[in-house]
Amino acid sequence: MTDQEKLIETSLPFLAEIQNMTTGTEVEQWLNATYPPGSPLYDALAALVKAGVRDGWAANVEIQGRTYRRARLCDPSARTFNFSITAVYMDSTDNTQGNPEESFRGDYHAHPYGEFNMVVPLNDGAALAGPNGWCYGGWTAPAPGSHHYPEAKGGAVIALFYLPAGRISYDIQAPGMKAH
C-alpha cells in the first residue's frame, strides 16, 4: 500500500465520523478538542501528508511556483463518504506580496458546503489563517458559504482538507476586486 493510499485509509474512519456534521466554529472547537496535534489521528495524518510533500505526491501541482502548491489526493466517492481529500502547501518565507504580518495569500475561493481543514506547520511559528484566527497546528472549519484567501505566515504549512462533495469554487470575486 502506498503512503497516499495509507492516508486515504487512515482518513476513512474520521470521514465516517464527520460525514453528517456541518462546519463552523462549534465543529472547529470539537475537532481541536478531539483530534489535536499529538493525538493518534492527527499525528498519523500529519506524518503521511508530510511524507507526501517530501516524496512529491501531495501538493505537487504548482499554483504560484514552489511556494504555493496543491493536489487533490482523491475525488469524492461512496468509499470516502462523498468527501474529496486535497493537500495544499504554502510558504510565506521571503514573499513579496506586502500583506500584514508578511503573510502569503493564495487563490480566493468559496466553500459551498464548508471545509474540514487539518493544519500542519512545517516551521516553528508557521500558521494558517482560519475563520477564528491563526491556526498554528490543529484544525479550521470554514462554514458553508464562506469565502477567503488561504493565508499562511511564519514559514511553511501544509493544509490537508476534506471537502464535502469535493465542492470548492474558485469562480468567485474577492471583495474590492473589479470584474474583467
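Trainee: Which residue just after helix 3 takes a positive phi?

Mentor: Gly-56 does, at about 90°. Keep in mind that this is a predicted model.

Trainee: How do you know how the span of helix 3 compares with the expected one?

Mentor: Helix 3 has 16 residues. From its first C-alpha to its last it reaches 22 Å. The expected span, at 1.5 Å a residue, is 22 Å, and the helix comes close to that.

Trainee: Which residues of helix 3 are buried, and what do they pack against?

Mentor: The buried ones are Leu-41, Tyr-42, Leu-45, Ala-46, Leu-48, Val-49, Ala-51, Gly-52 and Val-53. They pack against helix 1, strand 2, strand 3, strand 6, strand 9 (138–140) and strand 12.

Trainee: Which residues touch the most other members of the largest nonpolar core?

Mentor: Leu-7, Phe-14, Ile-85, Leu-160 and Tyr-162 do, in a core of 33 residues. Several elements each supply at least two residues, among them helix 1 (3–18), helix 3 (40–55), strand 2 (68–74) and strand 12 (156–164). Helix 3 gives the most, with seven residues. Apart from this core lies another, of 13 residues, including Met-90, Ala-126, Ala-152 and Phe-161. In soluble globular proteins, nonpolar side chains tend to be buried together.

Trainee: What does Phe-14 touch, beyond residues up to four places away in sequence?

Mentor: Phe-14 touches Leu-31, Tyr-35, Leu-41, Trp-139 and Tyr-162.

Trainee: Why is Met-118 called buried?

Mentor: Its relative accessible area is 0%. Buried means under 20%, so Met-118 qualifies. Met-118 sits in strand 6 (residues 116–121). Leaving aside neighbours within four places in sequence, its contacts include Tyr-42, Leu-45 and Ala-46. Gly-138, Trp-139, Ile-158, Ala-159 and Leu-160 are also in contact with Met-118.

Trainee: What separates the C-alpha atoms of Met-118 and Tyr-170?

Mentor: They are separated by 20 Å, and the two residues are 52 residues apart along the chain.

Trainee: Why is Ser-84 called buried?

Mentor: Ser-84 has a relative accessible area of 0%. The limit is under 20%, so Ser-84 counts as buried. Ser-84 lies in strand 3 (residues 83–91).

Trainee: What makes the pairing of Ser-84 and Arg-72 a polar contact?

Mentor: Their side chains are joined at 3.5 Å. The cut-off is within 3.5 Å, so the pair is counted. Arg-72 also meets Asp-75 in a salt bridge of 3.4 Å, N to O. Asp-75 is itself among the residues in contact with Ser-84.

Trainee: Why does Arg-72 count as partly exposed?

Mentor: Its relative accessibility is 38%. Buried is under 20% and exposed is over 50%, so Arg-72 falls in between.

Trainee: How do you know that Glu-5 and Arg-79 form a salt bridge?

Mentor: Their closest N and O atoms are 2.3 Å apart. A salt bridge needs a distance within 4 Å, so this pair passes. Glu-5 is in helix 1, and Arg-79 is in the loop between strand 2 and strand 3, 74 residues apart. Glu-5, at 26%, is partly exposed. Arg-79, at 38%, is partly exposed. Glu-5, Glu-9 and Arg-79 are linked in a network of salt bridges.

Trainee: What makes Arg-105 and Glu-151 a salt bridge?

Mentor: The closest N and O atoms are 3.4 Å apart. That is within 4 Å, so the pair meets the definition. Arg-105 lies in strand 4 (residues 104–105) and Glu-151 in strand 11 (residues 151–153), so the pair ties together parts 46 residues apart in sequence. Arg-105 is partly exposed at 29%, whereas Glu-151 is buried at 13%.

Trainee: How many salt bridges are found in the whole structure?

Mentor: Nine.

Trainee: How do you know that Glu-28 has no salt bridge?

Mentor: The nearest side chain of opposite charge is Lys-153, 14 Å away. A salt bridge needs a distance within 4 Å, so Glu-28 has none. Glu-28 is buried, and is found in helix 2 (residues 25–34).

Trainee: What does the side chain of Glu-28 reach?

Mentor: Its side chain reaches the backbone nitrogen of Ala-141 at 2.9 Å. Leaving aside neighbours within four places in sequence, Glu-28 is in contact with Pro-131, Asn-132, Trp-139, Thr-140 and Ala-141.

Methods:
Residues numbered from 1 in each chain as written. Predicted model: local features only at pLDDT ≥ 70, side-chain atom pairs only at ≥ 80, totals over all residues. Heavy atoms only, no water. Helix = DSSP H or I, 4+ residues; strand = E, 2+ residues; numbered from the N terminus. Buried < 20%, exposed > 50% of the residue type's maximum accessible area, 1.4 Å probe, protein only. Lys, Arg positive; Asp, Glu negative; His and termini not counted. Polar contact = N/O pair within 3.5 Å; in protein donor to acceptor, adjacent residues only side chain to side chain. Contact = heavy atoms within 4.5 Å. Core = buried A, V, L, I, M, F, W, Y, C linked by side-chain atoms within 4.5 Å. Expected span 1.5 Å × (residues − 1).
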